[in-house]
Amino acid sequence: MKRRPENEGRAEHGSVERVPAELDTVKPGRLLDRSFFARDSVVVAPELLGCIVTANGVSVRLTEVEAYREDDPASHSFRGRTPRTAVMFGPAGFLYVYFTYGMHYCANLVCGEDGAGAAVLLRAGEVIDGEPIARGRRGETVKDRDLARGPARLAQALGWGREDNGRDMVGAVRAGEPTLWAAGPRTGITKAADTPWRFAIPGDRFVSPYKRHPKAPAAEQDQAPPAK
DNA sequence: CAAAGGATGGCCT
DNA sequence: GGCCATCCTTTGG
């Protein structure tokens, strides 16, 4: 079975594609093993959409992820291995947590072969279990939609912090129902923002809003037509 | 020692 | 939804 574009995307996403063939054989609910993660992060990323991550009493269905690799200027691993990025250069299936904006944490699943320096950032999801616990961490007044819509919100909802860097996630991620996916430009970064490695479930209300980084170079105009 | 990197919450339209 | 204020850690020089 081949992947193929099904229609022209909106300005945000270039195209909508069918569920990856590899996942057609992975039954929903089945735990993803280490070999699943030990492939190119750009291949693994879209396959993670719809999958369920469980940690500390909360389960999240992933709606948006982003791939990073060592050859990617926007990746923390781009300048080689450092104390901070050591986990990224280790074996796949482990959690890479980094601190950002002086107050938030973001979580990635390490991908690729041992030493590859690749990972998939978990950008957004829907809390499908343990909602009271998630709300306790996020705030009692937070709307359901915003419990895990955003990388730092998702990490907080799952109770992750610095001490979770390097945690083995094999056994904590399950295959989900097959889903459509779309690839688009990345948000929040200044370098290689137009490399279409941000993957999301089209139309899902738990996908975070696309916001280009103010300092990112302007997008090329010859691609998709203006939104409207 | 200086520079770069980044998401969220609040408030207003 | 758009615009604004907020800040510590890591890395390069």
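Of the 228 residues in chain A, 50% are buried (under 20% relative accessible area; exposed is over 50%, partly exposed in between, with a 1.4 Å probe and protein chains only). Keep in mind that this is a predicted model, where local features need pLDDT of at least 70, side-chain atom pairs count only at pLDDT 80 or more, and totals for chains, interfaces and linings use all residues. Residues are numbered from 1 along each chain as its sequence is written, chains are lettered from A and ligands numbered from 1 in the order in which they are written, and side-chain values use heavy atoms, with hydrogens and water left out.

**View 1. The whole of chain A.** Here you'll find four helices and ten strands (DSSP runs numbered from the N terminus: helices are H or I with at least four residues, strands are E with at least two). Starting at the N terminus, the order is β-β-α-α-β-β-β-β-β-α-α-β-β-β. Take the contacts (heavy atoms within 4.5 Å) with a separation of 6 or more: 62% of them are between residues 24 or more positions apart.

**View 2. Arg61 and Glu126.** Side chains of opposite charge can pair when their charged atoms come close. In this view, Arg61 and Glu126 make a salt bridge, at 3.6 Å from N to O (the rule: a side-chain nitrogen of Lys or Arg within 4 Å of a carboxyl oxygen of Asp or Glu). The pair brings together distant parts of the chain, with Arg61 in strand E4 (residues 58–68) and Glu126 in strand E7 (residues 118–129), 65 residues apart. Arg61 is partly exposed at 23% relative accessibility, and Glu126 is partly exposed with a relative accessible area of 23%.

**View 3. Arg61 again, now with Asp204.** Asp204 and Arg61 also form a salt bridge, 3.0 Å from N to O. Asp204 lies in the segment after strand E10 (198–200) and Arg61 in strand E4, so this link spans 143 residues. Is Asp204 buried or exposed? With a relative accessible area of 17%, Asp204 is buried.

**View 4. Asp194 and Arg212.** The closest N and O atoms of this salt bridge are 3.1 Å apart. Asp194 sits in the loop between strand E9 (181–184) and E10, while Arg212 is in the segment after E10, 18 residues apart. Asp194 is partly exposed at 34% relative accessibility, and Arg212 is partly exposed at 23%.

View 5. Glu64, Glu66, Arg123 and Arg198 are joined into one network by salt bridges that share partners. How many salt bridges are there by this rule? The count comes to 17.
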